[in-house]
Amino acid sequence: MTIVATAPRLGHLERRTRRLPRLLAGAADRGPAGLNQHERRFGALPLPEAAWNGDRAAARRAASRLIAEVERSGLAGHGGAGFPTGRKLRSVAAGAGPAVIVANGSEGEPASHKDRLLLLRAPHLVLDGITLAAFAVGATEAYLVVHGTDSRLIAGLEGAIQARDVAGIDLVPIQVVGIGDRYVASEQTAIVQYLNGGPGLPTFAPPRTHERGVANRPTAVNNIETLAHLALVAKYGHVWFREAGVPAAPGTTLVTVSGAIERPGALAARRRGGHHRTRASGAPGAQAATSHQDEAARRRRDGR
Ligand SMILES: Cc1cc2nc3c(=O)[nH]c(=O)nc-3n(C[C@H](O)[C@H](O)[C@H](O)COP(=O)(O)O)c2cc1C
């Protein structure tokens, strides 16, 4: 594994490689990137005209091209199982009725803080990914799921969504939902059951989420890092995405480094041949990512 960028030293690394910006571009800056800053850094949301002008046939063709681009990129899920993202979007798009996007930012693994860091520092990259995924599958609504106790994160995300509403750039409403911070509550059938008004516990049972999930509609549950990568694939293309990593594991991945080390943090890493090399460097946002323990607010659910 080779570290291509760390949050605090990114500016230096950007000068060293033309492959950036990837996910942590600008993450060394304090605070979240605002919409203008985000667009300067990564470019505008690349939605085609057909997404807005009511030409449904053209929109369907453009959505299929976007999914094909994601398939060609080899992007696989960053939520744990590594499921091919393009294949998931394709099956949700083929489902019956309008679909739903669920962005899983609930990061139940106690030692992992990479999703929270990304949401804090680059909320618009994740929101771009949500909107693009919604366009790809023909979704009419989207949920961004985080820990309900994390009021700082929720406030930041709601502010970012508000800025996008004012700018009129998102296709579908995106609602931030706070769930319990138990590990199992982050599993996709648990999230879907929770969004459907039940307990936040896994069902692990049919029907499968991509066929009948939220409100019995075809539902794509994607990790928020996956969606941020998807946004970059849509902006820069699959060839760019594959410039990092190896054919079987293209792109970069965020990893949390913690424990008995000098500078814990989050790193962007890529696989390189058979060799693994790591170099840790601190990411202050990742350290701040450890404060969600308010049991009393576990069941907070925004607007539902
Ligand atoms: C016990 C358990 C906990 C999980 N926790 C998370 C999590 O914190 N974040 C996440 O994105 N996926 C988590 N997953 C995986 C999700 O169920 C789901 O597969 C994932 O969000 C899909 O996103 P991806 O395709 O982008 O990987 C968990 C799975 C299990 C079985």
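User: Which of the 20 residues around the ligand come nearest?

Analyst: Those are Gly 77, Gly 79, Ser 186, Asn 223 and Thr 226. A residue is near a molecule if its C-beta atom, placed from the backbone, lies within 6 Å of it. Bear in mind that this is a predicted model: local features need pLDDT of at least 70, side-chain atom pairs count only at pLDDT 80 or more, and totals for chains, interfaces and linings use all residues. Residues are numbered from 1 along each chain as its sequence is written.

User: What makes up the shell around the ligand, in nonpolar, polar and charged residues?

Analyst: Five are nonpolar, twelve polar and three charged. Here Ala, Val, Leu, Ile, Met, Phe, Trp, Tyr, Cys and Pro count as nonpolar, Asp, Glu, Lys and Arg as charged, and the others, Gly among them, as polar. The largest share, three residues, comes from E5.

User: Why is Gly 138 called buried?

Analyst: Buried takes 20 or more other C-beta atoms within 10 Å of a residue's own (exposed is 12 or fewer, partly exposed in between, with C-beta atoms placed from the backbone). Gly 138 has 20 other C-beta atoms within 10 Å, so it is buried. You'll find Gly 138 in the loop between H6 and E3, where it takes a positive phi of about 75 degrees.

User: Which residues is Gly 138 in contact with, leaving aside its neighbours within four places in sequence?

Analyst: Ala 63, Ala 93, Pro 98 and Ala 99. Contact asks for C-beta atoms, placed from the backbone, within 7 Å. Ala 93 is 45 residues away along the chain, yet its C-alpha atom is 6.4 Å from that of Gly 138.

User: How do you know that the span of helix H6 agrees with its 15 residues?

Analyst: Helices are DSSP runs of H or I with at least four residues, strands are E runs of at least two, and both are numbered from the N terminus. The expected span is 1.5 Å times one less than the number of residues. For H6 (residues 123-137) that gives 21 Å, and its end C-alpha atoms are 21 Å apart, so the two agree. H6 is mostly covered too, with 15 of its 15 residues buried.

User: What makes strand E9 largely enclosed?

Analyst: Six of the six residues of E9 (residues 265-270) are buried, so the rest of the structure largely encloses this strand. Gly 265, Leu 267 and Ala 269 point one way, while Ala 266, Ala 268 and Arg 270 point the other.

User: Why do E8 and E9 count as paired?

Analyst: Pairing needs at least two bridges found by DSSP. Five bridges join E8 (residues 253-257) to E9, and the two run antiparallel. Thr 253, for one, has Ala 269 as its bridge partner in E9.

Key:
Two residues are in contact if their C-beta atoms, placed from the backbone, lie within 7 Å.
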